Amino acid sequence: MTRSKSKSKAATRSTARKTAKPTSRKRSAPASPKSATPPRTKHAHIVAMLRAPAGATIVAMMAATEWQQHSVRGFLAGVVRKKLGLNLVSEQTDKGRVYRIKDGKGSSAAAVKQAA
């Protein structure tokens, strides 16, 4: 008889445990994706510099972000061109090589993203 009592206690325990679990908390809605002020990040600062009609040199971007030259060039190639798909153009001037984002058609990466 002791076996039947222990089984009934085990069954009661497992049932009690199942019902005692707290329900999962629901996350609150995220904040509005469009905020009044633009983000003040180094990435946003460089993109703003590149969107200016005068463009920006690597030296100017290095001074603005405190990055090294290879980091700025990596950002231009990896983020601006590949991830964001922006049309980055450069030209040689008397100040040195000037980079800017050209409006209009994006790079081929942007065209692939839009087609998908």
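How many bridges join strand 1 to strand 3? Two bridges do, and the strands run antiparallel. Before going on, a word on what you're looking at: this is a predicted model, where local features need pLDDT of at least 70 and side-chain atom pairs count only at pLDDT 80 or more, while totals for chains, interfaces and linings use all residues. Residues are numbered from 1 along each chain as its sequence is written, and side-chain values use heavy atoms, leaving out hydrogens and water.

Back to the strands (DSSP runs of E, at least two residues; helices are runs of H or I, at least four, and both are numbered from the N terminus). Ala56 has Tyr99 in strand 3 as its bridge partner. Three strands make an open antiparallel sheet in the order 1-3-2, pairing being called when DSSP finds at least two bridges. Strands 1 and 2 stand at the edges with a single partner strand each, so one side of each has no neighbour in the sheet.

Now find helix 2, residues 42-51. Its Ile46, Val47, Met49 and Leu50 are buried, meaning under 20% relative accessible area with a 1.4 Å probe, protein chains only.

Finally, look at where helix 2 meets helix 4: His43, Ile46, Val47 and Leu50 touch Phe75, Leu76 and Val80, contact being heavy atoms within 4.5 Å.

Technical notes. Buried < 20%, exposed > 50% of the residue type's maximum accessible area, 1.4 Å probe, protein only.
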